[in-house]
Structures are given as C-alpha cells and as structure tokens.
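Me: I'd like to learn how to read the inside of a protein model. Could you walk me through this one?

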Amino acid sequence: MNSKPEVTISPFLDPGPRTKAHSLAILQLSRDNLLPVYLQPPTGEHDGYAEGAVVNTRYGSFPHSTMLNVPWGSQIRASKVDTGSRGRKRKRDGADDTSREATAAASEKESEGPGAVAVATPTKENGGAPSVKQAVADSSGFIHILPPTPELWTTSLPHRTQVVYTPDYSYILHRIRARPGSTLIEAGAGSGSFSHAAVRAVYNGYPSAGQRKGKVFSFEYHEERYHKMKQEISDHGLDGLIHLTHRDVYNGGFLVDGRSPQADAIFLDLPAPWEALPHLSRRRPPPSLWPSGAPPPGLDDPTKEWISPLHPRKTVHLCTFSPCIEQVTRTVSAMRRLGWVDIDMVEIANRRLHASRDRVGLNLVNFDRGVNNSAKDVEEAVTRLAEIEARFREHAAKARSRAAGAAAAAAGDVDMDSDDENAGEAAANGNAPRPTAEEEEEIKITTNRLPPWMEGRLITRGEPEIKTHTSYLVFAVLPMEWTEEDEAKAAAKYPVGQEQKVIGTIDKAIRKQERREQLQKQQPGSKKARRKERDEKLGEVLG
C-alpha cells in the first residue's frame with residue numbers, strides 16, 4: 001500500500017503551537033523593532049559560542065536553544081554566553097582544550113543554580129545535541145518570539161525594493177476578490193511582501209496531481225532579486241503555492257510554460273503598467289493598442305493562436321500600483337481602450353493614533369511619565385496657596401519661639417532642650433495631637449488613589465506626519481465574455497417581454513390607485529362611510 005508523501009505546511013499558513021528547528025520565527029525586540037530568524041538546532045559550537053547559534057541584540061544574547069520547542073508568544077530571557085573565543089580561527093592547542101574543559105565544568109555547576117534557563121530536551125524533533133553547553137539566564141533583558149505572518153514579515157523583511165505595506169495590500173486583496181481557490185498574477189515580486197499576503201488569501205490546500213488549488217503566479221525581471229525571492233519561497237515552504245518566473249512581462253507576457261494560468265485576480269507593481277496590459281486580453285489586441293504600435297516579437301504572427309492568461313469563465317479584477325499621477329493617467333487611458341470597466345483610483349493614507357493619559361495635579365510626582373505638575377482646577381490652586389501660607393506662618397512662629405527661647409536661656413531661666421525632649425516623649429507615648437476631620441479625609445483620599453494607568457483624562461492624538469509609504473491604486477474589471485449559448489440560457493431563465501410587472505414602468509397615478517385599493521382591502525368601507533360612522537358615534541355620546 002503506497003502512502004501519500006507528507007506535505008510540510010508553511011509556517012505562514014500553520015505555524016503550529018510551538019517553535020521548531022529549521023523554521024522561521026520573528027523576534028520582537030520592541031514595538032516596532034522585529035528581527036526574522038531561522039531557528040537552528042544546537043548541534044555544537046557555532047561561531048565561537050559553546051551554546052550553539054546565538055542572536056545578539058541590545059537587550060542581551062539569546063541562544064537558539066532557548067527559543068526551541070516553546071509556545072509562540074513566549075518571553076525569552078537573555079543568557080550569559082562566553083564570547084571570548086568568538087571570531088578566532090586559529091587552531092587550539094592542548095592547553096586551550098584543557099582550559100575549555102575546566103570552564104565548561106564550572107559553567108555546568110553554575111547552570112544548576114536557580115538562574116539556569118531550561119533548555120528543551122534533545123529530541124529528534126528539535127535536533128538537540130547533548131554536547132551543547134546549557135544556557136544560563138542573565139538579567140540584561142528579554143524578547144518575545146512570534147510566529148511568522150505576512151504582517152510581521154512586511155515589517156521585518158530585508159528590503160530589496162520599496163515594499164507594499166499592510167494598509168495597501170489588505171485593501172488590494174479585498175478589491176480584486178482574492179479568496180481561497182483564486183488564481184492570482186503578480187508582476188513585480190520585489191521583496192515579496194505582497195506575495196506572502198496573497199498566498200495566504202488564496203490558500204485552500206497544497207495542490208496534488210490533477211488538482212487545481214489557489215495559487216500565485218509571480219513574475220520578476222531583476223535576476224538577483226529573482227534568485228533571492230526564489231530562495232525565500234523555498235525556505236518558507238511555499239514552493240507549491242507560489243510559482244516565480246524570471247521574465248520581462250512587457251515583452252514576454254504572463255503565460256507559464258506556454259500555458260495560461262487562468263487568473264481571475266491581477267496585481268501589477270510595475271513602472272509602466274500600460275505596456276503589460278495588452279497581454280491581459282481575452283482576444284488578440286490590434287496593433288494600434290500596443291504601446292509601440294506593434295506586438296512584441298513572438299506575438300506578431302496573426303496566424304498563431306492567441307492564448308489569454310485570464311480565466312475564460314470568470315470576471316477578472318485588476319489593480320495597478322503607481323507612485324506618480326502621470327503613470328495613473330497613461331494606465332487608465334490604456335484600460336479604457338482595452339475594454340476594462342469600473343475603473344477607479346484610490347489612495348490609502350494610514351495614520352496611527354496614540355492614546356495616553358493626561359495626568360494633571362499638584363499631588364502627582366513630577367518624574368512620572370505624562371505628568372503635568374500644575375493645579376488641575378481653581379479649588380486645588382486655592383488649597384495649595386492656603387497650605388503654603390500655613391507653612392509660612394508656622395515657620396515664622398517657630399522662628400519667633402526660638403528667638404524668645406534663646407533670650408530666656410541667655411537670662412538663665414529656660415532649658416533649650418526641654419521642649420524638644422517633651423515633644424519626643426509625647427509622640428513616643430502616643431500623646432501627639434490627632435489630625436482634624438478634614439486632615440483625615442485628605443489623608444484617606446491621597447492614600448486610596450487610583451492606579452497610575454487609570455488616572456487623568458484619556459487623550460488620543462494622531463501622528464503629525466504619515467510615515468508609511470503609499471501609492472495610487474487603480475482598480476478595473478474585465479467582465480466575462482458571453483457566448484450565444486450563455487445568452488440562450490439566460491433568456492430561457494429570465495424571459496424578456498413576458499414580465500408581469502417591471503420596476504419603473506408604472507406611472508404615479510397608477511401607483512396611487514393601487515395604494516387606495518390596498519387600503520380599502522385592509523379597512524372595509526369607503527372613507528366617506530367611515531367619516532359618517534364616526535360622526536354618528538360622536539353625536540350619540542354628546543346627545
């Protein structure tokens with residue numbers, strides 16, 4: 001019995017509950033600082049680290065062994081690593097080996113203490129190795145490990161070109177009707193931001209022999225970017241879902257191995273989309289509709305069959321991504337000549353909102369974040385002035401008392417330390433004067449304060465400047481071509497000329513008459529009869 005080969009699902013589509021070796025993970029260093037890392041199993045010393053592969057950040061060092069087989073979203077503490085041998089390429093002698101063994105033994109004793117980080121037990125799944133040094137926790141900082149998603153990948157990917165950001169591609173995928181099972185054409189793969197979002201939108205399973213599943217056909221002209229994108233697709237497990245082709249679509253078109261992808265959604269991120277639009281036609285365009293006045297080589301033979309890359313039985317939705325309005329003008333003009341309809345241009349302006357608490361008051365610590373150390377109202381200002389005046393009077397009274405005491409002491413009548421000693425004994429014995437009722441209420445209010453994050457007014461402010469990149473999005477629709485057979489089926493299902501009622505064919509007078517008849521059916525009797533009956537009842541009551 002032959003069993004089907006097991007398909008490895010991309011972590012972008014199903015990352016699973018825990019991290020795995022040889023898989024992509026996103027390290028969140030801070031809110032807007034993300035770092036993509038391919039987790040490596042601890043198989044021995046790596047780049048001078050006895051703990052294996054290590055990620056060094058401003059928050060500390062993080063061995064890969066501490067990030068394996070942990071739930072997504074976990075907080076990873078920094079570890080103490082020995083960087084003394086990092087980068088050394090010389091061959092070590094016996095003395096160095098002896099010193100290394102002694103250091104390893106000492107570190108093993110240290111790792112048994114309470115600060116040791118628990119490392120996943122070496123198994124077949126995580127590729128662990130028992131000879132790797134166990135990581136010891138450090139107090140320098142921590143990070144969070146997150147599963148890869150198109151949104152996180154867009155923020156953290158290595159930029160090869162200007163990327164399509166989340167606010168743009170989320171709206172684009174919605175407008176071009178990308179859904180599970182769709183076939184999407186993308187021209188201008190670039191850094192792969194839109195490709196990862198598109199494959200998640202059309203994914204409905206990995207295709208097998210004879211099956212048609214959702215797929216993205218991507219085209220890239222730049223050879224170096226093509227090879228890097230090809231490697232990323234393979235590393236992310238998206239080989240069966242993204243078909244990448246190295247081609248100039250202006251001249252080569254969108255066919256794959258001479259066959260039609262039968263696409264129903266198209267996204268063009270090209271400098272000159274109008275030069276690629278003639279290839280996206282259901283029939284051969286005339287020479288006048290090509291930008292150069294003639295078809296490119298290979299398509300100029302009128303006797304050769306025209307193969308359209310579009311789905312023959314579906315309406316096709318298209319979007320172009322252009323940063324200049326001049327590009328939009330030429331693109332729209334070409335769309336109109338080629339039969340595209342419902343042409344619409346949209347610009348996405350994404351703006352972040354920052355929510356904070358505005359804490360105002362004289363009783364707040366001025367060193368806290370978001371604190372305005374001033375009076376919040378007139379009552380608090382008056383109370384503060386009264387406190388200052390009371391303290392001034394108290395200070396003046398003490399000064400006068402001390403002056404009188406000094407004069408009495410000079411005369412030899414009073415002991416200078418007697419009053420302070422009596423006051424200290426009274427406080428120790430609990431005989432100090434009790435605060436008044438107002439003072440007790442104020443103490444109660446100040447001690448039972450709300451948590452700092454709930455104090456003050458909640459204020460929301462927008463960004464002063466839009467920091468995200470956006471372009472002009474031009475959308476268009478190419479309807480499905482109807483055959484005579486389609487027309488006959490529609491005419492049989494919806495016969496023309498045999499309708500009982502057609503909206504808009506009834507004039508105002510007829511509609512009023514129908515309304516009167518409807519009211520008469522609901523309430524028997526004419527309006528005049530109902531008025532006469534009402535008058536008779538009223539006369540009986542008054543008579």
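Reply: Happy to! Keep in mind that this is a predicted model. In soluble globular proteins, nonpolar side chains tend to be buried together. Here the largest nonpolar core has 31 residues, and those with the most contacts inside it are Ile-172, Leu-173, Ile-176, Leu-184 and Phe-194.

Me: Which elements give two or more residues to this core?

Reply: They are helices H3 (166-175), H4 (193-202) and H5 (223-235), together with strands E9 (242-246), E10 (265-268), E11 (316-322) and E16 (472-478). Helix H4 gives the most, with six residues.

Me: What does Phe-194 touch?

Reply: Leaving aside residues up to four places away in sequence, Phe-194 touches Val-164, Tyr-169, Ile-172, Leu-173, Leu-184, Glu-186 and Phe-267. Apart from this core lies another, of 30 residues, including Val-256, Leu-289, Leu-310 and Trp-340.

Me: Now the helices. Which residues of H5 are buried?

Reply: First the general idea: an α-helix has 3.6 residues a turn, so residues three or four places apart point the same way. In H5, the buried residues are Tyr-226, Met-229, Glu-232 and Ile-233. Seen down the helix axis, they fall within an arc of 130°, so they line one face of H5.

Me: What do the buried residues of H5 pack against?

Reply: They pack against helix H2 (150-156), H4, strand E8 (215-220) and E9. As for length, H5 has 13 residues and reaches 19 Å from its first C-alpha to its last, close to the 18 Å expected. After H5 comes Gly-237, with a positive phi near 70°.

Methods. Residues are numbered from 1 along each chain as its sequence is written. This is a predicted model: local features need pLDDT of at least 70, side-chain atom pairs count only at pLDDT 80 or more; totals for chains, interfaces and linings use all residues. Side-chain values use heavy atoms; hydrogens and water are left out. A nonpolar core is a set of buried Ala, Val, Leu, Ile, Met, Phe, Trp, Tyr and Cys residues joined through side-chain atoms within 4.5 Å. Buried means under 20% relative accessible area, exposed over 50%, partly exposed in between (1.4 Å probe, protein chains only). Helices (H or I, at least four residues) and strands (E, at least two) are DSSP runs, numbered from the N terminus. Contact means heavy atoms within 4.5 Å. The expected span of a helix is 1.5 Å times one less than its number of residues. The arc is that of the directions from the helix axis to the C-beta atoms.
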